[in-house]
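Reader: Please take one part of this model and go through it closely. I would like to look at the place where the ligand is held.

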Amino acid sequence: MKNFENVTIFNHPLVNHKIAILRDEKTSMKEFRELIEEITTLMTFECLKEDVPTVECQVTTPLETCTQYKVKDDSIVIVPILRAGLGMVNGVHTLFPSAKVGHIGLYRNEETLEPCEYYCKLPEGIEDKLVLVIDPMLATGGSASDAITMIKKRGCKHIKFMGVIGAPEGVERLATDHPDVHIFVSTLDRCLNENGYILPGLGDAGDRLFGTK
Ligand code: PRP
Ligand code: URA
């Protein structure tokens, strides 16, 4: 895959360790859900490090009063792509508990692999916020690209995308469709199969999170 300025692939050994367990077909639904959350928190830590707004405050320690900085976390809106993105929301909330949540519902047509929209509810005032779009799987990139287009139509200018596993096809498409959006994925897999599944991947993230198959 060619290099894109707006793409960061983490490849962090501690995250990769968790992804190894996540991929395993024997991993239970409970463990899968917990791992997605933990990976998301670790990724958020890095992904938003340049965007954490802080407010000055005075703190009195047992010894003296000093100036400190606390996170002003309501300047971030989380937008999970349904369903699998829902599994990542708590992982972001661990670090940004006051972040509002918008929802975009998209499912892939199993034959065309084109995303179909079925739901969109975004918080008021989202246009002034940093919007963090989350979905564990970036396969063809169609769902993430369409979701970001919908968010841009609401006037949002500062958008980031965070996913766990990316296929080269999806990363390339998203980076090209939205060069102004920084894309973060934990790991880059080999390719897509003929049904649009990521190889080696982890299977269907929504089904594994919610036990639907
Ligand atoms: C999965 C996944 C992404 C999408 C990625 O959702 O969670 O949203 O596929 O594929 P793409 O990059 O080719 O668009 P799916 O459509 O299976 O819906 P679900 O989360 O409800 O299972
Ligand atoms: N969506 C998934 O959940 N998994 C894939 O491998 C591709 C799309």
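Author: In this predicted model, ligand 1 sits in the largest pocket. The elements that give two or more residues to the shell around ligand 1 are β6 (103-108), β9 (137-138) and α4 (142-153). In total, 14 residues surround ligand 1, and the closest are R108, D135, T140, G141 and S143. Sorted by class, this shell holds six nonpolar, four polar and four charged residues.

Next come the polar contacts. D135 uses its side chain: one of its polar side-chain atoms lies 2.4 Å from an oxygen atom of ligand 1. A139 and G141 use the backbone instead. For A139, a backbone N or O atom lies 2.9 Å from an oxygen atom of the ligand. For G141, a backbone N or O atom lies 2.8 Å from an oxygen atom of ligand 1. As for cover, ligand 1 has 500 Å² of accessible area on its own, and the protein covers 91% of that area.

One of the shell elements can be followed further. β6 pairs with strand β7 (residues 115-121) in the antiparallel sense, over six bridges. R108, one of the residues closest to ligand 1, stands opposite P115 in β7. The hairpin of β6 and β7 has six residues between the strands, and L113 in this hairpin takes a positive phi near 65°.

Key:
Residues numbered from 1 in each chain as written. Chains lettered and ligands numbered in written order. Predicted model: local features only at pLDDT ≥ 70, side-chain atom pairs only at ≥ 80, totals over all residues. Heavy atoms only, no water. Near = heavy atom within 4 Å. Polar contact = N/O pair within 3.5 Å; in protein donor to acceptor, adjacent residues only side chain to side chain. Areas by Shrake-Rupley, 256 points an atom, 1.4 Å probe, with all protein chains shown as cover. 1 Å grid on protein atoms, 1.4 Å probe; cavity = no way out; pocket = protein on both sides within 12 Å on 5 of 7 lines; lining within 4 Å. Sits in = over half its atoms within 2 Å of the grid points. Helix = DSSP H or I, 4+ residues; strand = E, 2+ residues; numbered from the N terminus. Nonpolar A, V, L, I, M, F, W, Y, C, P; charged D, E, K, R; others polar. Pairing = 2+ DSSP bridges.
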